[in-house]
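Good morning, and thank you for coming.

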Amino acid sequence: MDNHQPATEMGNASSATGAAAVGKDIKGWTVLALAVVGALGILVASVGSGWGLWDWTVGLTAVPFLTGAAILALVIAIVGVILDRRKGRSTRWLRLGAGVVIALGLLFQMTGYVRAVSSLPAIHDISTDLADAPQFQTLTLRSDNWDNIPGADDSAMRGMNPQQRWVQLHQRAYPDIRSVRIDQPVAEVVAKARRIAEDRGWTIATTDPASGRLEATDTTALFRFKDDIVLRARPTANGQGSIIDVRSVSRVGVHDLGVNAKRVRSFLSDLSGTTSATGE
């Protein structure tokens, strides 16, 4: 028994020391814990949704609460520092500072999403041609594509059907997204488009250079959302050039946070980057 007593005493002493350390810096540990919970929680929520461990709506629902944990961490840190100054105490910055950095990093990331939600319309279907959007033939357009288009209660869009409202909202938010003319034959453009799509990691559904068509699916990094893309290339009057249209549609959700528009812009930029291209 005597031989085991020193080890037991050391264990108790270690536990007491750890508890004392936490007790002396409750503020720092609290801020760090909340920040880590927020950051790791969002990562787990998104990765779990992407792996199919739970429905994507569950993951998205958790994001505001986890972001709130980071905000609470910053509030506690600010209040704690102010109280330290008023009472003439030195602030323990090791854990507090780490928590603040993690929380600020998370909030900086979330700021982009908040800005997109507040400034862009809640649509998920982006096309360079609004009057005659490219149609999917191999892939399938989601059945509820026109079910939740905003603007039904907007007096400026009164009497418009969902697709007409989509056109209005699309034109206001993305006036730069339009058909592009490339001075290359259709078959060459489609072949190049396939190479670009493959370089981006898209899953190619079909490619038909002769008819000027490519369909593919892009999968986002964390939530693993799948967006379907169709490219249509039509010959110019002289047959030497091509008129290019691209459409990108999210399979789920109402608001795409501008992701489809970014994809269309970037893809067309790469496609026309080494050739002469003009908007149509």
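The buried residues of helix α3 are G59, V63, L66, T67, A69, A70, A73, L74, A77, G80, V81 and D84; buried means under 20% relative accessible area with a 1.4 Å probe, counting protein chains only. An α-helix has 3.6 residues a turn, so residues three or four places apart point the same way. The cover over the buried residues of α3 includes α2 (26-50) and α4 (93-119).

This is a predicted model, in which local features need pLDDT of at least 70, side-chain atom pairs count only at pLDDT 80 or more, and totals for chains, interfaces and linings use all residues. Residues are numbered from 1 along each chain as its sequence is written, and side-chain values use heavy atoms, leaving out hydrogens and water.

Helix α3 covers residues 56-86, 31 residues in total, and spans 46 Å from its first C-alpha to its last. That is close to the 45 Å expected at 1.5 Å a residue, where the expected span is 1.5 Å times one less than the number of residues. At V63, shortly before the proline P64, α3 has a kink of about 30 degrees, the angle between axes fitted to the seven residues ending there and the seven starting there. Just after α3, G88 adopts a positive phi of about 70 degrees.

Turning to the whole chain, there are 7 helices and 7 strands, taken as DSSP runs numbered from the N terminus (helices H or I, at least four residues; strands E, at least two). Of the 280 residues in the chain, 39% are buried.

Conventions
Buried means under 20% relative accessible area, exposed over 50%, partly exposed in between (1.4 Å probe, protein chains only). Contact means heavy atoms within 4.5 Å.
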